[in-house]
Amino acid sequence: MNWFKAVSVSKFLLLILCTVLLFAIVLLGTPDVAFLGSLGVFEEGAITLGLDLNGGSIITYEAVPQDEKGKITADGMADVEEVMRKRLDNMGYTEALVYLIGDNCVRIEIPGISNPTKAVETIGSTAKLSFTDDDGKEFMTGDNVDGAYAQYYDSDNDGIPEWSVSLNLDDDGAVKFANATEKAAALSSQSKNYISIYLDNSVISRASVSGKITGGHASISGDFDQEYAEELAALINGGSLPYDLLCDGTHGSLSSVAASLGERSLETSLIAGGIGILLVLIFMIIMYKFLGVISSLGLLAYTAIMGILLIVTKANLTLPGIAGIILGIGMAVDANVVIFERIKEEIRAGRSTAAAVKAGFSNALSAVIDSNITTLIAAGVLWYLGSGPIQGFAVTLMMSVIVSMFTSVFVTKSYLKIGIDLGITKTSAYGVKIKDISANADKNS
Amino acid sequence: MKNYNFMKNSKTAFIIAAVVLVLGVLSMLIRGFNLDIDFAGGTELSISIGKNVTSELDNIKAIVKDVIGEEASSVAKSGSDANQAIIKTKELSNETTDKLFEALKEKYNLTAETFDSIETVGSTISGDTQKTAIVSCLVAVALILVYITIRFQFTSGLSSIVCLAFNIFTMLAFYSLLQIPVNSNLIAACLTILGYSINATIVVFDRVRENNRKFKLAEFDDNANLAVQQTLARSINTTITTLLTIGMVYILGVDSIKDFALPIIIGIIAGVFSSVFLGAPLWSKFNKIFKVNAKQNKKEKTKKA
């Protein structure tokens with residue numbers, strides 16, 4: 001073969017090798033090489049899975065003022081957000097998301113809790129601490145508590161250690177506490193020497209005092225297990241909420257998916273996607289022969305690039321999002337179909353294959369761009385107004401459209417140009433029967 | 001098929017469309033919609049009981065009535081092995097949900113800690129979802145109309161809006177006919193179809209525009225007819241490839257994604273029908289109504305060669 005052909009063949013093979021290699025890398029992952037890490041799509045944590053695939057809960061609380069005269073304000077909601085964040089961090093939910101919705105709602109997304117209904121109550125509790133004497137008169141609130149931590153030791157000297165929560169009081173609190181304990185201790189003859197601690201209107205501790213306690217430390221003990229003690233400490237440390245947060249059936253919403261269900265959803269969707277791609281490839285090759293092979297390579301490039309984008313952007317992949325990608329595959333092929341049909345038409349009109357390819361691309365381009373822009377508009381509206389899994393769908397749909405525009409137009413064009421250079425110009429290779437070509441070449445403008 | 005005159009035979013197409021519309025309206029009035037909790041509020045729970053749900057329906061319903069004090073709105077089976085039960089009730093508080101789980105856990109000796117999935121939507125939030133659905137569709141339609149008017153012509157914009165409305169209506173009609181749960185997936189499905197089916201219409205209109213430019217002396221109807229015939233292969237093949245992919249998702253996917261894929265499939269089919277059989281004839285009719293000479297306007301409005 002001559003020099004020109006040799007160059008074309010090598011370009012072609014190189015391009016194919018690149019595409020296939022890219023696809024393989026994205027699918028299987030690279031070994032842990034320096035900065036690449038392991039890129040593979042199936043590596044743990046490579047792709048950020050949404051809660052409906054990973055398992056987790058989305059809790060939306062509605063904020064309600066604590067008394068009838070109260071109002072919800074923007075500042076108040078900002079406080080709510082901050083307290084929530086601290087609380088979730090303290091409870092160990094470091095991957096949780098907190099954000100405000102509308103005027104009076106706060107939404108929390110937590111991956112992987114095993115008991116969502118209990119979590120709703122704990123996380124959403126107002127956490128108002130109230131210290132009272134035995135008559136129920138409050139002398140101090142949680143505002144004077146600097147910090148709380150769970151402790152495991154024998155606090156009541158009976159030889160058995162138990163869990164309790166120790167409180168550090170600020171200077172003002174230390175004074176109040178000292179005064180209160182002094183007063184209470186003086187009432188021991190009437191058996192009223194007790195200090196009670198309330199959390200949100202229920203008693204969590206009622207301890208007897210025998211003397212003034214200075215030093216600014218108090219302790220809450222009861223029949224606590226480790227989990228409860230740590231939760232309580234976390235609640236107190238996060239601070240109390242300015243409003244009551246409700247998620248109880250009439251207010252707010254809860255959406256929770258167990259990890260097992262999420263796994264099943266992911267598996268079946270991947271299988272569906274795999275089979276779908278295969279069917280499309282077969283269909284394209286049957287209908288468009290050589291062009292079909294080219295579009296298959298374009299599809300491989302599309303899948304590979306989508307995989308990389310998902311990993312790099314850490315976009316949340318939800319179940320509808322996967323549907324969006326799979327749908328996007330069908331739509332990516334759409335651009336190819338438009339262009340290929342145009343090319344076939346040009347060939348039938350009598351143009352040489354090279355000229356037909358060129359004309360096909362330029363004529364079809366405006367239709368391809370217009371249709372992709374309208375899909376982007378719809379996806380954009382959906383992204384802006386939607387939330388949660390629906391937003392995930394909008395994001396992957398937008399990504400699909402943009403990536404498919406790239407692969408269907410540029411990648412395919414490059415392959416085709418090289419194909420022409422290689423001399424793959426027989427019209428039958430493009431799916432056009434000889435008898436369909438008009439005798440006189442119609443010189444279209 | 002290539003020699004079928006789409007313009008002259010448009011009456012048949014309109015009749016078919018009318019039949020779909022009438023059936024749809026009847027279904028919506030008589031059967032109504034199966035509003036999911038996103039729109040109506042309520043609680044939906046799914047649980048694997050390890051046995052065939054169909055035989056346990058009565059038992060499950062009895063347990064639900066016992067725990068929450070009233071009948072469940074529905075108990076259905078799901079999952080490929082029919083061992084999963086989907087229970088829908090009015091809005092439940094967290095404690096009631098827990099109690100219900102404990103009752104079912106005891107009856108069926110389950111090891112899980114809680115339901116496979118829990119969805120509770122309060123009535124205040126569901127009202128918002130309804131509003132969002134309608135607003136997003138209207139906004140998207142308006143934007144698309146503006147875009148088409150800029151790229152093509154106002155009368156073609158009108159025609160494409162009618163086609164879009166037909167597609168969405170057909171989807172809603174099937175939601176009612178097949179009682180597919182109406183939830184926020186509806187919004188996604190509708191907007192996807194809005195963005196997708198307009199593609200087919202644009203490809204046809206693009207061709208009509210080109211033919212009008214090339215064959216200035218021919219009648220609009222003849223150019224339009226030719227355009228539809230020329231783009232027919234593309235319209236059909238694209239529909240097939242998209243149906244192959246989303247069809248697989250429908251066949252193999254879990255229940256929640258099936259409810260998402262089916263309306264999209266219906267929308268795609270309605271889309272290809274409307275863009276091939278309704279789009280160009282409507283454009284021609286609108287031209288006549290608004291007394292627009294499509295080709296005259298073309299000369300002034302064409303920006304892109």
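**Notebook: a surface patch and some salt bridges**

I started with Val25(B), which sits in helix 1 (residues 10-30) of chain B; helices here are DSSP runs of H or I with at least four residues, strands are E runs of at least two, and both are numbered from the N terminus. This is a predicted model, where local features need pLDDT of at least 70, side-chain atom pairs count only at pLDDT 80 or more, and totals for chains, interfaces and linings use all residues. Residues are numbered from 1 along each chain as its sequence is written, chains are lettered from A, and side-chain values use heavy atoms, without hydrogens or water.

Buried or exposed, or in between? Val25(B) counts as partly exposed because its relative accessibility is 39% (buried is under 20%, exposed over 50%, partly exposed in between, with a 1.4 Å probe and protein chains only).

Next I looked up salt bridges (a side-chain nitrogen of Lys or Arg within 4 Å of a carboxyl oxygen of Asp or Glu).

Arg206(A) and Asp134(A) make one of them, at 3.1 Å from N to O. They are 72 residues apart: Arg206(A) is in strand 9 (residues 202-208) of chain A, and Asp134(A) in the loop between strand 4 (129-133) and strand 5 (138-141).

Then I checked Glu210(B) and Lys214(B), whose closest N and O atoms are 3.7 Å apart. Both lie in helix 7 (residues 185-214) of chain B, four residues apart, about one turn of the helix. Glu210(B) is buried at 13%, while Lys214(B) is partly exposed at 34%. Both also belong to a salt-bridge network that includes Arg342(A) and Arg207(B).
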